[in-house]
Amino acid sequence: MIELKNVSKWYGQFQVLADCTTRVGKGDVVVICGPSGSGKSTLIKTVNGLEPFQQGEVTVDGIAVGDKKTDLSALRARIGMVFQNFELFPHLSVRDNLTLGQTRVLGRSLDEATAKGLQYLDRVGLLAQQDKYPSQLSGGQQQRVAIARALSMDPIAMLFDEPTSALDPEMINEVLDVMVGLAQEGMTMMVVTHEMGFARKVAGRILFMDHGRIVEDSSTQEFFTAPRSERAREFLARIL
Ligand code: ADP
Ligand code: MG
């Protein structure tokens, strides 16, 4: 479904991604972890064309992301992305946040978009909040709306970039629970997170990044019991 082959990227002299290769099959859940600045956000953003790269290949469902002829907005419409800081439209109600992309990008009627949006809003437990504005919701609620909004676009895969790291501790689980449910239903997911409980529960594989390199790409079991690299061992010792 998602394939990265020898992807490298530089900012001037600074190499932010170094020869990154991995593949994510349909229904796979892959967790990406590693120290701050190691290139995790940059890596997942290459998948939906938010970060251009100078070398290598990224393909999503057979579409070459780096190819100048590829329609990146069409690709992005099919890949859901959830960021650390919710990124809801502040001036729109929850319901309008859910329908805007569907009507503008997918050309759905407002009725159809509303039905779909509310179905996902119900799934994340927030149907009663549909008339509120983002600022009237807690961080955890905003992030669940952001997930519902992404799902309303019927994505073929979901990318998450530290979706719980800006949340107060008591709100982390309500967001992780939604993500666990998605994983168990077979959604293809790449998740940058340091929530190792989540990783243990649903990830099939864990990538560990350091200085722009994927230094470890292991089964979850192997990562927690016998990490191959010294850097991953140190990292685990610090966060577990
Ligand atoms: P992570 O998500 O693992 O914390 P990032 O992918 O955000 O790492 O960033 C990787 C590195 O690239 C960091 O050292 C960061 O400072 C650098 N970087 C990110 N964006 C830019 C930019 N626009 N120009 C120069 N360096 C950048
Ligand atoms: Mg990051």
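1. Helices (H or I, at least four residues) and strands (E, at least two) are DSSP runs, numbered from the N terminus. The place of H211 is accordingly given as the loop between strands β9 (205-210) and β10 (213-219). The structure is a predicted model, in which local features need pLDDT of at least 70 and side-chain atom pairs count only at pLDDT 80 or more, while totals for chains, interfaces and linings use all residues. Residues are numbered from 1 along each chain as its sequence is written, and chains are lettered from A and ligands numbered from 1 in the order in which they are written.

2. Two residues that are not glycine deserve a check of their backbone. H211 has a positive phi of about 50 degrees although it is not a glycine. H211 is partly exposed, because 15 other C-beta atoms lie within 10 Å; the term buried applies at 20 or more other C-beta atoms within 10 Å, exposed at 12 or fewer, and partly exposed in between, with C-beta atoms placed from the backbone. D61, also not a glycine, has a positive phi of about 50 degrees. D61 is found in the loop between β4 (55-60) and β5 (63-64), and with 14 C-beta neighbours inside 10 Å it counts as partly exposed.

3. The residues around ligand 1 are Y11, F14, V16, S36, G37, S38, G39, K40, S41 and T42; a residue is near a molecule if its C-beta atom, placed from the backbone, lies within 6 Å of it. The largest share, 3 residues, comes from α1. By residue type, the shell divides into 3 nonpolar, 6 polar and 1 charged. Here Ala, Val, Leu, Ile, Met, Phe, Trp, Tyr, Cys and Pro count as nonpolar, Asp, Glu, Lys and Arg as charged, and the others, Gly among them, as polar.

4. Helix α1 also holds V47. V47 counts as buried because it has 24 C-beta neighbours inside 10 Å. Leaving aside neighbours within four places in sequence, V47 is in contact (C-beta atoms, placed from the backbone, within 7 Å) with I2, V58, V60, V65, I79, L159 and M190. V47 and V58 are 11 residues apart in sequence, and their C-alpha atoms are 6.6 Å apart in space.

5. T46 has its place in helix α1 as well. With 21 other C-beta atoms within 10 Å, T46 is buried. Not counting residues up to four places away in sequence, T46 touches L4, V7, E51, F53, V58 and V65. T46 and V58 are 12 residues apart in sequence and 7.4 Å apart in space, C-alpha to C-alpha.

6. The largest nonpolar core has 62 residues, of which I32, V47, L159, M189 and M190 touch the most other members. Such a core is a set of buried Ala, Val, Leu, Ile, Met, Phe, Trp, Tyr and Cys residues joined through C-beta atoms within 7 Å. In soluble globular proteins, nonpolar side chains tend to be buried together.

7. Helix α6 (residues 169-184) has 16 residues, which at 1.5 Å a residue should span 22 Å; its end C-alpha atoms are 23 Å apart, which agrees. The expected span is 1.5 Å times one less than the number of residues. In α6, V175, L176, V178, M179, L182 and A183 are buried. Seen down the axis of α6, these buried residues fall within an arc of 155 degrees, so they line one face of the helix; the arc is that of the directions from the helix axis to the C-beta atoms. The face of α6 turned away from the buried side carries the exposed residues E170 and Q184. Among the elements covering the buried residues of α6 are β3 (29-33), α5 (139-151), β7 (157-161), β8 (189-192) and α7 (196-202). Just after α6, G186 takes a positive phi of about 95 degrees.

8. In helix α3 (residues 94-104), the buried residues are V94, N97, L98, T99, G101 and Q102. Their cover includes α4 (110-123) and α5.

9. Finally, R231 lies in helix α9 (residues 230-239). With 19 C-beta neighbours inside 10 Å, R231 counts as partly exposed. Leaving aside neighbours within four places in sequence, R231 is in contact with D210 and V215. R231 and L92 are 139 residues apart along the chain, and their C-alpha atoms are separated by 44 Å.

Terms used: Contact = placed C-beta atoms within 7 Å.
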